[in-house]
Amino acid sequence: MGPEEFRQAAHRLVDWVADYRASVASLPVRSQVAPGEVAGALPPCPPEEPGSLEAFIDDLDQVIVPGLTHTQHPRNFAWFPSNASLASVLGDLVAAGIGALGISWQSAPALTELEQVVCDWARQLCGLSPAWHGTIYDGASTACLVALLVARERALAGSAGSQREAGLQAAASPLVVYTSPEAHSSVPKAALLAGFGASNLRFVPVRRPSRAMDARALGELMAEDAASSRRPAAVVATAGTTSTTAFDPISEICEVASRYGAFVHVDAAMAGSAMLLPECRDLFFGIEQADSISWNPHKWLGSVLETSLFYLKDPAALVSVMATNPSYLRSFSEEPVVEYRDWGLPLGRRFRALRLWALLRLEGAEALRARMRRDLANAERLAKLVASEPGWEVLAPVRLQTVCVRHSPAGLAGEELDRHTLAWCEAVNSSGRAHVTPAQLDGRWMVRVSVGAETTEWADVEALWEIMRQAAKL
Ligand code: PLP
């Protein structure tokens, strides 16, 4: 395809995307397809001959769109928001169109330097000090793994270290990682991938009703471990847990961790966007004492997916773990330059910063703040409605925009109540009129309503509440 043919086709596809967004509210939120239906509608063998744009668009309409759960739908309250703001889509389009290759500063200086600038803009918007240095990863899961690798090497400094002689096999005493049972599943996954071992992963109890990590219990566990020749190496604190948006007490955790020189990573995947709101910053009290933090502008803020910010205080520690220096990747610069390949796992990277740059540059921070404030107000209003309705309860403090609810009719408990919860939740989701997430809390099912799709207004939240009430009566 040459540039002129691309121009024609792209104009049509931009119209297609705009039409999709303009009409998404009329589609069922949750995909109605059965497993295998999408694959079955596609040819089993790859095409040898070129296809027409018409046929391609037809496939989009007939096969791809029905096979989507529409995360950009105003009545999508499932999981966490996954906003792909159209301003950010423009940045992503340009990134794909330019096709820059991020393998060194030299291979695309603008790719590296825009990432530095945009990470610094986001830092400023969050009220974080200039001590933080950022990069963009695909997700918070990667960030947590990288943070734990850095923590591991810091704990091993002066002795073994993965890159010396026998590597981790030579470590004299086990290194221990601490997190809470409310942490995201990517945290234990990262600890295991980083080689800490299941028996060196401690789940620190949480306090009630906040579900925040109990820093005193953390101190006790660390003291026990240190007394039995284990080394407290890292704590992963969560700012905004996935099930209830609980905030671990970062300041207290950092104070305890500092007694043992343990690394503190803060996973703020969803809630990090709230740092843009000065009135929410108390939730992150102590963040400056941590060693690293990650948050996803691709959730609530509106950057297209795979825009996860990772900040740390000591990039040299990260580079010492990740650096490679093959001769063909040298940047020919007299000045020191940032080589982002040494800040993470992949070598070749897309022009990731364009997505977030376009969002900030075309929307401006104030519009993003206003949208998030709207969502906070809508969540609070919904929580009040739920709490004042007989038979319904709000199960956890509403810290941001996620409301955890249960309908408990008199006489129903235990597994019967679970069946009722799953039944009304499925009735909501299978109706296609709204989409919410069932999740377990203390082993019992509840329903998470996560307000915050870019197009969700109060009328959508009110409609959801009505749909939920009707479904629970069935
Ligand atoms: N941490 C928390 C608290 C999350 O809520 C999530 C996902 O929702 C993740 C980590 C994983 O993020 P990612 O999908 O960017 O890897």
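Buried denotes under 20% relative accessible area, exposed over 50%, and partly exposed the range in between (1.4 Å probe, protein chains only). Helices (H or I, at least four residues) and strands (E, at least two) are DSSP runs numbered from the N terminus.

Contact is defined as heavy atoms within 4.5 Å. Gly261 follows H9 and has a positive phi, near 65°.

## Basis of the model

Residues are numbered from 1 along each chain as its sequence is written, and side-chain values use heavy atoms, with hydrogens and water left out. Because the model is predicted, local features need pLDDT of at least 70 and side-chain atom pairs count only at pLDDT 80 or more, while totals for chains, interfaces and linings use all residues.

## Overall architecture

The protein chain contains 14 helices and 11 strands. Its radius of gyration is 24 Å, close to the 23 Å that the globule rule gives for 474 residues, so the chain is as compact as a globular protein of that length. This radius is taken over C-alpha atoms, and the globule rule is 2.2 Å times the number of residues to the power 0.38. Along the principal axes, the C-alpha atoms fill a box of roughly 70 × 60 × 45 Å.

Of the 474 residues in the protein chain, 51% are buried. Among contacts with a separation of 6 or more, 73% involve residues 24 or more positions apart.

## Strand S9

All six residues of strand S9 (residues 402-407) are buried, so S9 is largely enclosed by the rest of the structure. Thr402, Cys404 and Arg406 are buried on one side, and Val403, Val405 and His407 are buried on the other.

S9 pairs in the antiparallel sense with strand S8 (residues 392-394) over three bridges, and with strand S11 (residues 444-450) in the antiparallel sense over four bridges. Two strands are said to pair if DSSP finds at least two bridges between them. Trp392 stands opposite His407 in S9, while Thr402 has Ser450 in S11 as its bridge partner.

## Salt bridges

The structure holds 27 salt bridges, each being a side-chain nitrogen of Lys or Arg within 4 Å of a carboxyl oxygen of Asp or Glu. One of them joins the side chains of Arg349 and Glu115 (2.8 Å, N to O). Arg349 lies in the loop between helix H10 (315-322) and helix H11 (353-363), and Glu115 lies in helix H5 (residues 109-125), 234 residues apart. Both Arg349 and Glu115 are buried.

Arg211 and Asp442 also meet through their side chains in a salt bridge (2.6 Å, N to O). Arg211 is in the loop between strand S3 (201-203) and H8, and Asp442 is in the loop between strand S10 (437-441) and S11, so the pair ties together parts that are 231 residues apart in sequence. Arg211 is buried, with a relative accessible area of 5%, whereas Asp442 is exposed at 51% relative accessibility. Glu182, Arg208, Arg211 and Asp442 are linked in a network of salt bridges.
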